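Colleague: I have the model open and would like to talk through its contacts and packing. Could you walk me through it?

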Amino acid sequence: MPDFANPADWLPWAFASLMGLSILIYVVLDGFDLGVGILFPLATPAEQDRMIGSIGPFWDANETWLVLAVGLLLVAFPQAHGMILTALYLPVFVMLVGLILRGVAFEFRAKARDHHKRLWNRLFFAGSLMTALAQGFMLGLYIMGLEQTLATYAFATLTAVFLAVGYSFIGSAWLIHKTDDALQRKAVRWGRESLWGVILGIGAVSVATPLVSTRLFDKWLSFPEVLYLAPLPILSGLLILWLWRMLRQMPYAGDARSWLPFAAATALFALAYLGMAYSFYPYVVPERLTIYEAASAPESLLIIFVGACVVVPVIAGYSVLAYTLFRGKATELRYD
């Protein structure tokens with residue numbers, strides 16, 4: 001833990017924690033709307049309009065957390081920003097193209113005629129899938145220490161597929177909460193079918209991470225650390241069993257507890273993310289650069305920290321307001 005009497009110690013830790021929290025919030029929030037986009041081809045045109053309505057008020061705010069995380073990486077850890085973005089240049093480019101495609105398609109489909117609307121629907125799906133796959137590929141390479149070999153590319157390809165399926169899972173959990181009737185029943189089925197991706201993805205990362213270096217192996221599998229960390233896999237396993245049982249029984253009578261799958265999925269993603277954060281701390285570039293080596297000067301960080309204390313609550317408050325105002329079941333999103 002950092003020495004809180006020394007700004008050179010606690011400021012890098014504070015920025016790393018804030019950046020990590022931003023990434024986690026982004027993965028959960030933008031993860032579900034990317035997942036809804038990936039599920040798009042499986043729905044009827046009328047259902048697609050409701051699916052768009054379920055994410056319409058939120059998706060802009062969700063992506064703000066990604067901008068915040070990348071901005072914090074740039075200003076607080078500029079050396080790490082250069083190393084990571086250089087190594088991940090191509091998947092970052094693909095992700096940006098995907099985000100642009102889905103953003104444009106989201107707006108244009110609302111005004112397009114029927115024969116053009118099908119094109120924008122396909123582009124919305126393509127942009128969502130490209131973004132999810134690119135993020136999964138980047139995750140895989142990051143876990144592998146940004147090494148670029150045939151083996152690391154193969155692992156990154158696996159994590160790309162698993163993350164895309166994981167996003168479709170949390171997207172289906174969101175639709176269970178925000179929709180009803182036939183679309184809700186479809187979302188329950190999609191959730192059951194995509195849960196396997198979450199299981200395989202978490203399993204693959206959990207097995208691969210300790211093998212990246214002896215430091216990570218000792219951090220997870222040496223004694224007594226293995227006992228202290230046991231609650232993470234145990235709780236994750238229990239959440240998966242609970243989700244499996246819920247999805248076999250839902251929808252409940254009267255649409256009761258429709259929010260539970262999304263809450264459980266969020267908790268599961270958070271546990272997996274906490275495991276990764278524990279694995280790589282204090283490194284911001286795995287096995288190469290710690291947060292203390294990569295951090296900007298304490299004087300600069302202190303000024304940025306004051307700004308972050310203003311900006312982050314504003315972003316969080318806007319997000320909470322949006323989710324509060326647009327709670328309840330989704331309807332077709334219209335621009336009249």
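Modeller: Let me start with one glycine: leaving out residues up to four places away in sequence, Gly 37 touches Phe 124, Phe 125 and Ser 128, where contact means heavy atoms within 4.5 Å. This is a predicted model, so local features need pLDDT of at least 70 and side-chain atom pairs count only at pLDDT 80 or more, while totals for chains, interfaces and linings use all residues. Residues are numbered from 1 along each chain as its sequence is written, and side-chain values use heavy atoms, with hydrogens and water left out.

Colleague: Is Gly 37 buried or exposed?

Modeller: Gly 37 counts as buried because its relative accessibility is 0%; buried means under 20% relative accessible area, exposed over 50%, and partly exposed in between, with a 1.4 Å probe and protein chains only. Gly 37 is found in helix α1, helices being DSSP runs of H or I with at least four residues and strands runs of E with at least two, numbered from the N terminus.

Colleague: Switching to charges, how many salt bridges are there?

Modeller: The count comes to eight, taking a salt bridge as a side-chain nitrogen of Lys or Arg within 4 Å of a carboxyl oxygen of Asp or Glu. One of them joins the side chains of Arg 109 and Asp 49 at 2.9 Å, N to O. Arg 109 lies in the loop between α5 (89-108) and α6 (114-143) and Asp 49 in helix α2 (residues 45-55), so this pair ties together parts 60 residues apart in sequence.

Colleague: And which residues are linked in a network?

Modeller: Asp 33, Glu 63 and Arg 102 are linked in a network of salt bridges. Within it, the side chains of Glu 63 and Arg 102 meet at 3.1 Å, N to O, and both of these residues are buried.

Colleague: What about the largest nonpolar core, which residues touch the most other members?

Modeller: Of its 101 residues, those are Met 51, Phe 77, Ala 80, Tyr 167, Trp 190 and Val 284; such a core is a set of buried Ala, Val, Leu, Ile, Met, Phe, Trp, Tyr and Cys residues joined through side-chain atoms within 4.5 Å. The largest share of this core, 16 residues, comes from helix α1 (residues 7-38).

Colleague: What does Ala 80 contact, beyond its neighbours within four places in sequence?

Modeller: Ala 80 is in contact with Leu 73, Val 284, Val 285, Leu 289 and Ala 294.
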